[in-house]
Amino acid sequence: MINRRPYIAETAVKPGCAVVQGKADNGVKTPGAKGEGDFIGIYSFEANEEKAVGEPIGIALHGVVKALTGGNVSAGKKAMLKADASGTLTVLPETSGKYSVVGTFLESGFSGDYVDVLIERGAVAV
C-alpha cells in the first residue's frame with residue numbers, strides 16, 4: 001500500500017524524484033545542491049508529468065514506488081539522496097560516515113532508470 005499526501009511544489013519536480021520539506025508546512029522541493037534537506041517522500045514516476053512551482057503534487061510517503069536513479073544501483077542496497085539537487089537516489093557509499101537512508105532498492109538498475117524502492121527512513125553509520 002502506498003500512502004500519498006498532497007503538497008504544493010516549491011520547485012519544479014520530475015517524476016520519480018525525491019523531495020524534501022519546503023519553507024511552508026505544506027510545501028516540498030527538490031534537495032539542495034549537495035542533496036541536503038529533510039526527506040519527505042517520492043513523487044512517483046507513474047504521475048508522468050513534471051510539476052511546476054506552485055502546482056499541487058501527490059507525494060508517496062510510505063510503500064513501494066518507482067524512483068529515478070542517479071547512479072548504478074543494486075537490489076537490496078540502501079538508498080539515499082544523491083549529493084546534488086536532482087532528487088535522484090543512489091546507493092549508500094562504502095566511505096566511513098553517517099548517512100540518511102530514504103529506502104531500500106528492490107530492483108537493480110543503471111543511472112537514469114526507474115526502479116522499485118521501498119520507502120523507509122533512517123540513519124546508518126558506515
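This is a predicted model: local features need pLDDT of at least 70, side-chain atom pairs count only at pLDDT 80 or more; totals for chains, interfaces and linings use all residues.
Local features need pLDDT of at least 70 and side-chain atom pairs count only at pLDDT 80 or more, while totals for chains, interfaces and linings use all residues. Residues are numbered from 1 along each chain as its sequence is written, and side-chain values use heavy atoms, with hydrogens and water left out.

Me: Why is the contact of Lys66 and Asp116 called a salt bridge?
Reply: The term needs a side-chain nitrogen of Lys or Arg within 4 Å of a carboxyl oxygen of Asp or Glu. Lys66 and Asp116 have N to O at 3.5 Å, so the pair qualifies.

Me: What makes Lys66 and Asp116 a link between distant parts of the chain?
Reply: They are 50 residues apart, with Lys66 in strand S5 (residues 56-68) and Asp116 in strand S9. Strands are DSSP runs (E, at least two residues), numbered from the N terminus.

Me: Why is Asp116 called partly exposed?
Reply: Buried means under 20% relative accessible area, exposed over 50%, and partly exposed in between (1.4 Å probe, protein chains only). Asp116 has 22%, so it is partly exposed.

Me: How do you know that Glu120 forms a salt bridge with Lys78?
Reply: Their closest N and O atoms are 3.2 Å apart. Therefore the pair meets the rule. Glu120 lies in strand S9 and Lys78 in strand S6, 42 residues apart.

Me: Why does Lys78 count as partly exposed?
Reply: Its relative accessible area is 34%, so Lys78 falls in the in-between class.

Me: What makes Lys82 and Asp84 a salt bridge?
Reply: N to O is 3.9 Å for Lys82 and Asp84, so the pair qualifies.

How values were computed:
Helices (H or I, at least four residues) and strands (E, at least two) are DSSP runs, numbered from the N terminus.
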